[in-house]
Amino acid sequence: MVDYVATRRTMVANQIRTNRVTDPAILEAFEAVPRERFVPDRLRAIAYADKDLDLGNGRFLIEPMVLARLLQTALPQPGDAALDIACGPAYTTAILSQLVSSVVAVEEDPDLATAGNAHLAALEMDNAAVITGPAADGCGSQQPFSLILLAGGVGFVPETLLDQLSEGGRLVTVLYENQDRVGRAVIFEKIGGTIGRRTVFDAMTPLLPGFARGPGFVF
């Protein structure tokens, strides 16, 4: 029988700490959230593998190291209101819930959204909820957000999402541009009403459905 607690600690020690993630709150969040609860039974034995986990239908659970580095780049604060885009089964939402004040997650697949809310409820994470709707639309009714996470690869970042950032807000994702085969983790920040962008590291993260190359934010 798999000792998930020990495996989770090994993931944090060997995959996350060794890849320059030093924020104590982020490390604690990854140790606290049971990743195996957010994957199908067929994947539980490899829930803590150092790779993206294929959930089927073009969806996946992002590699732990990449997620951790994205979050460290975003500098989550206890008072942040976060938006989690295309959250899938809500593992990313659960991690965010440990770091910020509140999380709204958006998921287009009704079954995944239902499963995500069930996972959050079972773990008594009452500062987070999943809503069903178009991922690229975000959640205008509850904007602005000080942190937006797209935990996957995208060919563009919709202006709709950037418009939902508060002043000083940050959006992080893995961006593929100009037919690049390697994605780049980027952070968008809203300062003085203007959106700036900074590239942080390379990542081979699968593209999220609906976020293939197309019209979006262009400098």
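User: Where is Lys51 found, and what makes Lys51 count as partly exposed?

Analyst: In this predicted model, Lys51 is found in the loop between α2 (24-32) and β1 (53-56). Its relative accessibility is 41%. Buried means under 20% and exposed means over 50%. The value for Lys51 falls in between, so Lys51 counts as partly exposed.

User: Which residues does Lys51 touch, leaving out those up to four places away in sequence?

Analyst: Lys51 touches Arg35, Ile46, Leu61, Glu63 and Pro64. Each of these contacts means heavy atoms within 4.5 Å.

User: Why is Asn57 called exposed?

Analyst: Asn57 has its place in the loop between β1 and β2 (59-61). Its relative accessibility is 75%, and exposed means over 50%. Asn57 therefore counts as exposed.

User: What makes Asp111 count as exposed, and in which helix does Asp111 lie?

Analyst: Asp111 lies in helix α5. At 63% relative accessibility, Asp111 is over the cut-off of 50% and therefore counts as exposed. Helix α5 (residues 110-122) itself lies across β4 (102-107) and β5, running at about 165° to β5.

User: How do you know that helix α3 is largely enclosed by the rest of the structure?

Analyst: Of the 11 residues of helix α3 (residues 64-74), 11 are buried, so the helix is largely enclosed by the rest of the structure. Buried means under 20% relative accessible area. The buried residues include Pro64, Met65, Arg69, Gln72 and Ala74. Just after α3, Leu75 takes a positive phi of about 50°.

User: Why is α1 called roughly perpendicular to α3?

Analyst: Helix α1 (residues 4-16) and α3 pack at an angle of about 70°, and their axes are 10 Å apart. Angles of 65 to 115 degrees count as roughly perpendicular, so α1 is described in this way relative to α3.

User: Which residues of α1 and α3 meet, and how many residues of the contact are nonpolar?

Analyst: Met11, Gln15 and Ile16 in α1 meet Pro64, Met65 and Ala68 in α3. The residues of this contact divide into 5 nonpolar, 1 polar and no charged.

User: What makes β5 and β9 edge strands?

Analyst: An open sheet is formed by 7 strands in the order β5-β4-β3-β6-β7-β8-β9, with mixed pairing. Strands β5 (128-132) and β9 (194-203) each pair on one side only, and they are the edge strands. Neighbouring strands of this sheet are turned by 15° against each other on average, direction ignored.

User: Where does α3 touch the sheet?

Analyst: Helix α3 packs on the sheet, touching β6 (145-154), β7, β8 and β9. The direction of α3 makes about 155° with that of β7.

User: Which residues touch the most other members of the largest nonpolar core?

Analyst: They are Phe30 and Ile85, in a core of 74 residues. Beyond its neighbours within four places in sequence, Phe30 is in contact with residues including Met11, Ile16, Pro64, Ala68 and Tyr91.

Terms used
Residues are numbered from 1 along each chain as its sequence is written. This is a predicted model: local features need pLDDT of at least 70, side-chain atom pairs count only at pLDDT 80 or more; totals for chains, interfaces and linings use all residues. Side-chain values use heavy atoms; hydrogens and water are left out. Buried means under 20% relative accessible area, exposed over 50%, partly exposed in between (1.4 Å probe, protein chains only). Helices (H or I, at least four residues) and strands (E, at least two) are DSSP runs, numbered from the N terminus. Two strands pair if DSSP finds at least two bridges between them. Axes are lines fitted to C-alpha atoms, for helices over the stretch in contact, and angles run from 0 to 180 degrees between N-to-C directions. Angles under 35 degrees count as roughly parallel, over 145 as roughly antiparallel, 65 to 115 as roughly perpendicular and the rest as oblique. Ala, Val, Leu, Ile, Met, Phe, Trp, Tyr, Cys and Pro count as nonpolar, Asp, Glu, Lys and Arg as charged, and the others, Gly among them, as polar. A nonpolar core is a set of buried Ala, Val, Leu, Ile, Met, Phe, Trp, Tyr and Cys residues joined through side-chain atoms within 4.5 Å.
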